[in-house]
Amino acid sequence: MSRSLILGACLSSLVLLAAAVSFVWTPYDYTALNIPDKLQPPNAQHWFGTDHFGRDMFSMIMVGARTSIAVALVAVGIGMALGVPLGLTAAARKGSALDELIMRGNDLVFAFPSLVIAILITAVFGAGAINAIIAIGIFNIPVFARITRGAALSLWEREFILAARVSGKGAARISAEHILPNVANLLIVQGTIQFSLGILAEAGLSYVGLGAQPPTPSWGRMLADAQTMVSFAPHLALIPGLAIIVTVLGLNLLGDGLRDWLDPRIRVART
Amino acid sequence: MSLLEIENLSLSIHGTDILKQVNLSITPGQIVAVTGESGSGKSMTALAVMQLLPDGAKTTGVIRLNGSDLLDRDENDMCTLRGAAIGMVFQEPMTALNPVRTIGDQVMETILIHKAMPPRQARDRAEEVLTRVGLPPDRFPLSRFPHELSGGQRQRVVIAMAIALRPKLLIADEPTTALDVTTQAQILKLLKGLVSEYDMGLLMITHDLAVVADMADQIVVMRHGEVVESGATDHLLHHMQHPYTRMLFKASGYQVSLPELAQSRPLLEVTNVIRDYRLPRKGLFDTPGHHRAVDQVSFTLNSGERLGLVGESGCGKSTLTKAILGLEEVQGGDIRLDGQPVFSGHKPNLAVRRKMQVVFQDPYGSFNPRHRVARLITEPFHLLDAPVMGSERQDRIAEMLTAVGLSPDDAGKYIHEFSGGQRQRIAIARALIIRPELILFDEAVSALDVSVRAQILDLLAELCEAYDLTYLFISHDLSVVRTITDRVMVMRAGKIVEEGDTESVFSDPQHQYTKDLINAAPVLPDIGRDVA
Amino acid sequence: MRFLPIFWFHRCWTGSACAPNVASMLRYALKRLISLVISLAVASVVIFAVIEVAPGDPASFMLGVNAQEDTLAALRAELGLDVSKLQRYFNWVGGMMVGDFGTSYTYRTPVSQMIADRLWVSLPLALYALTLSTAIAFPVGIYAAARRGKPGDLTVMGATQLGIAVPNFWFAMMLVLVFAINLRWFNAGGFVGWDKGLWAGLHSLTLPAIALALPQAAILARVMRSSLLDILGEDFMRTARAKGLSRRQALWRHGVRNALIPVLTIIGLQFSFLLAGSIIIEQVFYLPGLGRLVFQAISARDLIVVESVVMLLVFAVITVNFLVDLAYAAVDPRLRSRT
């Protein structure tokens, strides 16, 4: 196992652990206001300091991890659940009108950056975490569809697929039995990358107020709140930013590490 | 005096020994062929002369060009030698040229990078060498891109680049392996002509002993990084010393004897089959054009018969194979197996399909890497109405693995645990397991080393005896088809141009194309066969 | 091809390469252009339909709950809301083609004027960032590829890994903290306006552009490096070395142009990220760009403005991808002949 895999796995599980523990324990109540203790820099009582209402930053970061992970994870789920079948179908019917339709549809969705989708949804239905999930999720669909189709197309050219067809298996069965397991690694790696992009996108959306609404803590909005105080309380901006960086860095390293680890060419060479 | 002398050359890459104490020498105007199977280190020897070895390579010994040692030279010195004093031609003409630069650019680059002459003269020289290799600028302007040329034409461009500065030494690494026989003959002739014209030394790397015997003045036989035998071609062919050399020559012209042919009923009937491919439209409102890959093909294959189908790449033999297997629908004509159509109502006919199986060329791409052998070879059971389960399934797996020369214990392994030859055995087991009436072998031995190929041919002969096989053997390799079939068809541009008993077609071809094909294929001298 | 004089020039190196390619290039461009028009049409329908779903009537929202029915009707007529949906769609699309984006519900001024003012901030910002990102990424990516596995490569790879993980708006805040608040080299926010001169304008866009560009440059540099490394393994690179080119010469003459093909895709995609990113970055620097406009419009439920800005952004993304497709053909002769 490579160093990046180990480091990535450690950083990612650290964040996951913080999110999980926050359900049962946080050092302080993350909603409790404590004006006398406001804007404290990191210290022994408040490891990450306190914000302008005196809330404990460490607790807020822990709960914020929950929001980030939930939004990004569900968005990746949406992208995979819709994108992978679309990609498999397009590859199985390569060159058909259906393939063309799916690919053109993909291109079209690519023209709507997730922020633009979020703006549209918010304009119509108002802001909220669900909107962020949908906006990021929709943007993930063509990513997965495209990567699945690309990998599946090269597999369809392989002789073991021809052998399966000679054995009388249909396109759906071949897709499930031969194509999907052979693109799974790729999807896991891409899923990790999209997860990290989702964390970044969620932070961006909640920073501009299109994501999770108060009182749900989110890293992006903590940064928005910190903006006016950055000159005299830089820890308010530094700490949520570092939380995002650690999470995204961890997931990216994990993705890179998994790619190398799962690469069948490398694995065959090792056995 | 020798042009190139290699003395005690040893090479290791990241600590793994690749070459051990290799010796060879070339004089001007001489062709030296280095031959051997995959992993013999023959290509590495060529790359060592160019000093284009992979990272982590360590060489010891001496490589002397015109008396001065190349291993002492630094990288800058080598750059001035490569292309100017030593030219090199590679195996894969399809990928050896930069796809985004014109052929003129690429040939001129050899000249300009060595500052041998000003651009205007370099342009003239590029036209001159391209004409010399058979690509005159009036038909092949310098502005052509590689993708606008065929494989043989691209290899000519690669040769033009290599000889543009008249190097003293030319290295050709499997220069014709990726080419069709008729193209191969032309390229070999071109190389031979260039050697005598420019008085070059040619170091030729090839696995094909027939080419070696035809071309070389000197032969160097390698195995596992060592030279096992070398000498002047005539002498070596008549006095082979090393058992490996003998084995190699025997395997190259390997012959098997098939069991007697029993007269019987027609099994596969192909009548006037047409297969068209749609071409992309030329303009927005043009009607799309068609390419007729298979054109009015008719033939009959009797049960128990072993039929060959030979032809060069693009002749339509693979397309015909797919049509017979019912993988693609035909645009005209009829394909019937045992009287039933393989395609009925735009759908493949399952009842017919279970009587047919196929063995493909690529031993590495033919299996799902995630399944175990037991699951891989039982895939055709899907064609049966009732699933084969339990002990019967185990027995059939064990029987098949034994039949193809593997062990029943291999059923639990994954495909990457097997060598190329073993994989091809597994592919045959998969094809045989439902006892099909017809097997198609699509270039099934073309990717194998000669010694492995000989073993697979033996296996096929045994299986013919044991299972009364009927097969259609599709191949570009004339010598293999000659020994493994009773009857043969020759295909060209979608049509079958000649058909008949294998022996009579090969000994007395009627059609001009068949004659060309047979004349173009290099043959092993008879001497080689007698030795063993 | 006029957009990319540098590739055009390059292909003409042998002198005879230009003429026969013009026709196939034009045919390719025409095909792409048709697909561009279809994409725009579908996108406009989607955007219009989504906005139509929005609950509430803009007229009653603007006049409040107590408005008279005849005043409402008059306002609806003024805003062009009194006709069928289909008619409204065609009015909207037809208007956009001649530069008329309708009238803002809140400000009662032409939307086109509002957008034009803001575009003069957002578009230069995105282009500035794209230029910076490319200018940084290309040399860094090539440098790392040329020194694969050596300390220089490892440092670059580590730095880019970090660069990808940094949210651009947070990076922007840090830039403000260091360069505006502490060092006072730049203003913390605001835009001086182009009438103060090109330099003053660029100066006030520099921090936002850096904040946008660096994370994207990290991605682009990694793509450039891996694309180059893929190319380095190609047979024709070995052919080039066999001709006598040094490693570096082979990399520059044969590697870079082939490696550009995947890199161009990423540049196309990045443009949409940069546009979207600039909307967020404008919030950090209080820049009067499209981002500010659209957020104000959302809170005022000025849907016609939202609709038009979104359409404009999508138009920009689709157009840039069209240009990228043309650039492909300029780089890769195989694409031209495939049409």
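Tutor: Let's settle one term before anything else: two residues are in contact if their C-beta atoms, placed from the backbone, lie within 7 Å. Keep in mind that this is a predicted model, where local features need pLDDT of at least 70, side-chain atom pairs count only at pLDDT 80 or more, and totals for chains, interfaces and linings use all residues. Residues are numbered from 1 along each chain as its sequence is written, while chains are lettered from A and ligands numbered from 1 in the order in which they are written.

Our spot is A:Ile119. Leaving out residues up to four places away in sequence, A:Ile119 touches A:Leu210 and also C:Val294, C:Ile298, C:Val306 and C:Val310.

Now zoom out to the helices (DSSP runs of H or I, at least four residues, numbered from the N terminus). Helix α4 of chain A, residues 114-125, packs against helix α13 of chain C, residues 303-331, at an angle of about 165°, with the axes 11 Å apart. Those axes are lines fitted to C-alpha atoms over the stretch in contact, and angles run from 0 to 180 degrees between N-to-C directions. That makes α4(A) roughly antiparallel to α13(C), a label used for angles over 145 degrees. From α4(A), A:Val116, A:Ile119, A:Leu120 and A:Ala123 meet C:Leu303, C:Val306, C:Val310, C:Leu313 and C:Val314 of α13(C).

Chain C itself has 14 helices and 0 strands, and its C-alpha trace spans about 85 × 55 × 35 Å along its principal axes.

A:Ile119 also matters for the largest nonpolar core, a set of 347 residues in which A:Ile119 and B:Leu203 have the most contacts. Such a core consists of buried Ala, Val, Leu, Ile, Met, Phe, Trp, Tyr and Cys residues joined through C-beta atoms within 7 Å, buried meaning that 20 or more other C-beta atoms lie within 10 Å of a residue's own. Helix α2 of chain A (residues 57-92) gives the most to this core, with 19 residues. Domain 1 (4-252) and domain 2 (259-280 + 288-300 + 312-352 + 470-520) of chain B both contribute residues, so the core lies between them; these bounds come from an automatic or database domain assignment.

How values were computed: Buried ≥ 20, exposed ≤ 12 C-beta atoms within 10 Å, placed from the backbone. Helix = DSSP H or I, 4+ residues; strand = E, 2+ residues; numbered from the N terminus. Parallel < 35°, antiparallel > 145°, perpendicular 65-115°, else oblique.
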